[in-house]
Amino acid sequence: MSTFRFVRVSWLLQFKMIMRSPFDGFGNVLYPLFFATTAFFVFRAGTSPRTLIYASLGAAVMGMWSSVSTSAGSAMQRERWWGTLELLVTAPRHFALVLFPSTLGLASVGIYNLVATLLWGRFAFGIPLTIEHPLEFGLSVVATVLAFAGLGLLFAVSFVRFRAAWVLGNFFEYPVWLICGFLVPLALLPRWVHPIAWVLAPTWGMNAIRESALGGTPLPDLLLCLGLGTVYVVGAVLVTNRVLDDARARGSLSLT
Amino acid sequence: MAAIEAADLRRTYKTHTGTVRRRSKEIEAVRGISFSVEPGELFGLLGPNGAGKTTTIKMLITLLIPTGGSARVLGLDVVRDADEVRRRIGYVFGGERGVYERLSGYDNLRYFAELYGVPAREQKRRIEELLELVGLKDREHERAEGYSRGMKQRLHVARGLLHDPDVLFLDEPTIGLDPVGARDVRSTIASLTAAGKTVLLTTHYMFEADALCDRIAVITQGNIVAEGTPEDLKRGVADGTVIEVEVYGVADENVQRVRAIGGVTAVAVEEREQAQVLVVQTGPGAELTQAILGCLNGSDIGRISHREPTLEDAYVALVSEPSETTGRHAVRQASTP
């Protein structure tokens, strides 16, 4: 109970901080609109309206992913700049649990990205907004947010050990768009890319969202997305103590 | 059982130089220090910047793993029992960092209360009490980014006390504060031992250590060079004399010559506008004015004055001389419980 309460309160306060940053807020408002616009111009050559919905959903998840991948690293860096990282480490809670609400908060911003992208596509370009299975669609979005938060957590823990690694957050942003089929189906990519895509939860989250919106069977993708998200969280928990011990031995926690 | 015990505690860091041909170098920040703090005691680690105070405190609060020796807090080893140590200690450092600026003071405390596992039903009362204690009541719902440095510092103190820790580590908590802000923080610290807390305080302000601490250890270059009550330290220089010589443009070699005079225990150079003041501490019964002036040939000499040594002189003497001097060990042995 105490743990759930901690996650809830921390998520709320993290969300408050994200919303109060004018630059983050500005980017979060504008980015989804750029993604939706780009997707529309790329795919408008297609004749089927489903192609546009396909692209619109892809653009929406792109926004969600960008929010997590770029912000998870910089969030850790910010904790260093603010001098709060050491306080988080000396707290009696497990450090992975301390970080989770932070990455969950960032992933939650992705929900706004998704909604804004779909609405922009609908009202600016007339892309129909029909969701075949609304319940499954909602569940798929939640599962994707949780899986993204899990992956963000794994990144964040690594960024505690490698100070400069927050830059890698930006590096991961674009390849995942491509590899996980946000814009083009995975089937069009070389076969050697497929195993990489399979171990990335965004692939399955994207599939689940599309399947539920376009009238397919999202459940297997949804479960795979959640399963991989759980693997990321477990992985992060397992490496946390090792990462922290290493940082304590090197004396790198207070460095910015 | 001592509340805090350090035995031959050491910490070295690796630093790198060069870009293409990187070379690593080991820096000994703490060189085998030992001390113990009794429950309910306010113990001061006093030393100049870079003396090893913060490194020592970071080893004790589990943020750094010692490279040698051992340390225990409330009987728990800081490396093996790090999780349990964290539950029972509070940590407050000086400066403006360590605060979530976009959150209000109240939300900062709420977050850390959750982080430290303060039960939900106690949180509100505890936060209200602490806001009252540190004088932030009525400003708690403002964002911390609008707080003065002193207010942020008091917020730090409140945060460190949220989970009612048995032992509190305060790392230069008044650094950079104006006199009024520093006085407020000091009075809060004084009230902690009255409430039965064990406090380890680091500072480089002699008067602060004198006013607050039951015992003091003076640390310089990673070594403890003296330990005892403030009165013990004062006694260490009470029999000597301080000669202050105003001089215009004193050369380093002249200062070294003064330092080498028999009976001189410490020499410091203070900058005062265009002039420097050579502050020379001498041992009991020594009349060294002429000898000092003889070493300053070629320099323009201004006013010369004699005075009784202060506690600050004791501190300067301790941190500016090699630690092997026997007098310092005597202070330590005389006062160690």
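**Labels and what they rest on**

Guide: B:Gly44 stands opposite B:Ile216 in E9(B). The model is predicted: local features need pLDDT of at least 70 and side-chain atom pairs count only at pLDDT 80 or more, while totals for chains, interfaces and linings use all residues. Residues are numbered from 1 along each chain as its sequence is written, and chains are lettered from A and ligands numbered from 1 in the order in which they are written.

Visitor: What makes E3 and E9 of chain B paired strands?

Guide: Strands (E, at least two residues) and helices (H or I, at least four) are DSSP runs, numbered from the N terminus. Two strands pair if DSSP finds at least two bridges between them. Strand E3 (residues 42-46) and strand E9 (residues 215-220) of chain B are joined by four bridges and run parallel, so they meet the definition of a pair.

Visitor: Which sheet holds these strands, and what makes a strand an edge strand?

Guide: The sheet is open, has six strands in the order E6-E7-E8-E3-E9-E10 (chain B), and its pairing is mixed. Strand E6 (89-93) and strand E10 (223-228) of chain B each have a single partner strand, so one side of each is left without a neighbour in the sheet. On average, neighbouring strands of this sheet are turned by 15° against each other, direction ignored.

Visitor: Which helices lie on this sheet?

Guide: Among them is helix H5 (residues 149-161) of chain B, which lies across E6 and strand E7 (167-171) of chain B at about 170° to E6(B). Helix H6 (residues 179-194) of chain B packs on the sheet too, touching E3, E7 and strand E8 (198-203) of chain B, and its direction makes about 150° with that of E8(B). For such angles, axes are lines fitted to C-alpha atoms, for helices over the stretch in contact, and the angles run from 0 to 180 degrees between N-to-C directions.

Visitor: What is the order of the open sheet of four strands in chain B?

Guide: The order is E2-E1-E4-E5 (chain B), with antiparallel pairing. Strand E2 (23-37) and strand E5 (76-77) of chain B are its edges, each pairing on one side only. Twelve bridges join strand E1 (residues 4-17) of chain B to E2(B), and B:His16 has B:Ser24 as its bridge partner in E2(B).

Visitor: Why is H1 of chain B called largely enclosed?

Guide: A residue is buried if 20 or more other C-beta atoms lie within 10 Å of its own, exposed if 12 or fewer, and partly exposed in between, with C-beta atoms placed from the backbone. Eight of the eight residues of H1(B) are buried, so the rest of the structure largely encloses this helix. Its buried residues include B:Lys53, B:Ile57 and B:Leu60. Helix H1 (residues 53-60) of chain B lies across E1, E2 and strand E4 (68-73) of chain B, at about 115° to E1(B).

Visitor: How do you know whether A:Thr90 is buried or exposed?

Guide: A:Thr90 has 22 C-beta neighbours inside 10 Å, so it counts as buried. A:Thr90 lies in the loop between helix H4 (85-89) and helix H5 (95-125) of chain A.

Visitor: Which residues does A:Thr90 touch?

Guide: Not counting residues up to four places away in sequence, A:Thr90 touches B:Ile61, B:Thr62, B:Leu63, B:Arg86 and B:Tyr91. Contact requires C-beta atoms, placed from the backbone, to lie within 7 Å.

Visitor: How many residues does each chain bring to the contact?

Guide: Chain B brings 23 residues and chain A brings 25. On the side of chain B that touches chain A, H3(B) gives the most, with five residues.

Visitor: Why is chain A called as compact as a globular protein of its length?

Guide: The globule rule is 2.2 Å times the number of residues to the power 0.38, and the radius of gyration is taken over C-alpha atoms. The rule gives 18 Å for 256 residues and the radius of chain A is 18 Å, so chain A is as compact as a globular protein of that length. Chain A has ten helices and zero strands, and 48% of its 256 residues are buried.

Definitions and conventions:
Two residues are in contact if their C-beta atoms, placed from the backbone, lie within 7 Å.
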